[in-house]
Amino acid sequence: MNLTTRMACATCRRVLTEHRHRDQVEYRHPVVEAPHEVVPVDAGHVRRPFDRCHTCTDDLPVWNYRTGLIQFLALEAGILRTYNDHWHVCYRCAQHIEANDIDALTARCAGIVGWQAGSDEYTQLDLLYRGIVFGREGRTLLTTTTWPAARITVEMLPKVRDRLTGLLRCAADLPEPLNNPGQRQTLASQLDLIPMYWINEEFTRRVKAHSADQPPARITDELLPAQAGLLAWPGPVSGTGQLAAVSWTPGSDGWQLIGYRSIGSALDDDLMPALRHEIGWLLPIHAEHVPNRAALDGSHPLGPLVTTWLLIKQQMAESVPATLPKGTTKAYQRSQRPAPDVRIVQIKPRSDTSGTWKPEAPTGRTRAKPDHRYWVSGHERQQAHGPGWSLHKTIDIEPFLKGDEDLPIKLSSTVRVLGNPKRDGGTRSREQ
Ligand SMILES: [Zn+2]
Ligand SMILES: [Zn+2]
């Protein structure tokens with residue numbers, strides 16, 4: 001399930017609030033009813049959708065606060081103004097709300113538009129924020145905000161993981177598929193113990209180059225490097241989803257896969273430590289239960305994870321234990337936790353001595369070798385076993401990236417040879 005879908009009004013470009021009543025979803029304009037009907041469309045199809053804090057309109061929204069429906073009756077004019085009951089609020093405004101500091105919230109938001117204390121506008125704003133602060137019923141982490149990406153280093157990984165488990169254990173709500181309290185606790189306990197994989201820059205480049213084109217691969221115990229894990233790339237590996245990390249944990253007949261986007265340093269410096277402590281670096285953007293032997297290809301939102309697994313499995317990469325800063329290992333010792341298990345996944349050093357002088361291959365008949373790298377599709381094989389070879393079991397042969405490491409990448413899963421390879425050296429074209 002994709003957790004990043006935002007809806008915006010096609011008329012005014014404002015990102016809308018989402019209201020669920022059983023199976024029905026209703027979208028409303030933020031803050032206050034607009035003079036036009038709401039026209040909900042995927043915000044991805046709107047040019048520069050306006051997605052800012054509903055109280056200050058200045059910063060990216062972080063939390064969705066829920067209140068009762070706020071309405072004001074202007075007695076003299078006899079006009080009833082209906083506000084919203086969902087409020088997308090930035091991190092600084094949320095700090096004021098959490099501190100019940102209405103004065104600071106009003107002063108900040110009125111200050112941005114230049115409203116003086118004592119003016120009608122200021123008083124009205126103060127009243128509205130009173131309604132939000134005292135009428136709030138809970139808050140949910142927004143996973144739709146388009147944060148700039150963070151750089152994740154191998155040294156950071158234990159802390160990145162610990163902040164994620166902290167987020168799972170906190171009192172605030174998470175988006176629906178991740179919000180079940182029991183499942184949140186179970187997932188946090190699983191993540192406490194999992195091995196962490198950090199993919200180095202060179203290997204990440206390779207994953208990016210090959211992922212879009214990766215043929216379907218079966219998700220099985222044999223493919224996974226461990227039953228559970230958290231895997232992070234130094235920067236995002238996929239376009240719109242901005243996938244930065246994935247966790248996988250065993251569930252009923254399969255795995256729970258959660259993809260995350262990273263949160264870069266988007267706030268003022270004074271706020272970042274609190275944000276890192278409370279939310280951390282990873283924001284869930286995709287949650288899915290993947291049954292054993294499900295086939296996932298490069299077009300899947302978590303495709304880069306599968307490509308990474310495949311390339312590890314075909315031994316293109318090796319994983320080596322990371323040396324962590326002393327401070328990190330000591331902190332774990334103090335809290336009597338086992339040392340974090342962090343591995344760096346990197347391209348395997350080549351077994352031949354590339355770069356050194358090699359004699360020319362003898363001329364004459366040589367087998368035509370491919371001039372690029374390409375995927376060979378996976379398939380199933382029935383293997384006989386048991387008494388008299390009477391039983392059969394299915395063996396999955398996973399997709400395989402073929403060709404020498406220094407060859408250019410061919411962005412097509414199938415290679416077709418046109419013409420006579422002996423005469424013209426084999427003209428290859430992309431399979432359409
Ligand atoms: Zn509108
Ligand atoms: Zn704000």
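This is a predicted model: local features need pLDDT of at least 70, side-chain atom pairs count only at pLDDT 80 or more; totals for chains, interfaces and linings use all residues.
Modeller: Local features need pLDDT of at least 70 and side-chain atom pairs count only at pLDDT 80 or more, while totals for chains, interfaces and linings use all residues. Residues are numbered from 1 along each chain as its sequence is written, and chains are lettered from A and ligands numbered from 1 in the order written.

Biologist: What makes β5 and β8 a pair?

Modeller: DSSP must find at least two bridges between two strands; β5 (residues 61-67) and β8 share five, in the antiparallel sense. Trp63 has Val89 of β8 as its bridge partner. Strands here are DSSP runs of E, at least two residues, and helices runs of H or I, at least four, numbered from the N terminus.

Biologist: Why are β8 and β9 described as standing at the edges?

Modeller: The open sheet has the order β8-β5-β9. β8 (86-90) and β9 (136-141) each have a single partner strand, so one side of each lacks a neighbour in the sheet.

Biologist: Which residues of α1 and α2 make the contact?

Modeller: Cys93, His96 and Ile97 of α1 meet Ala104, Leu105 and Arg108 of α2; contact requires C-beta atoms, placed from the backbone, within 7 Å.

Notes
Two residues are in contact if their C-beta atoms, placed from the backbone, lie within 7 Å.
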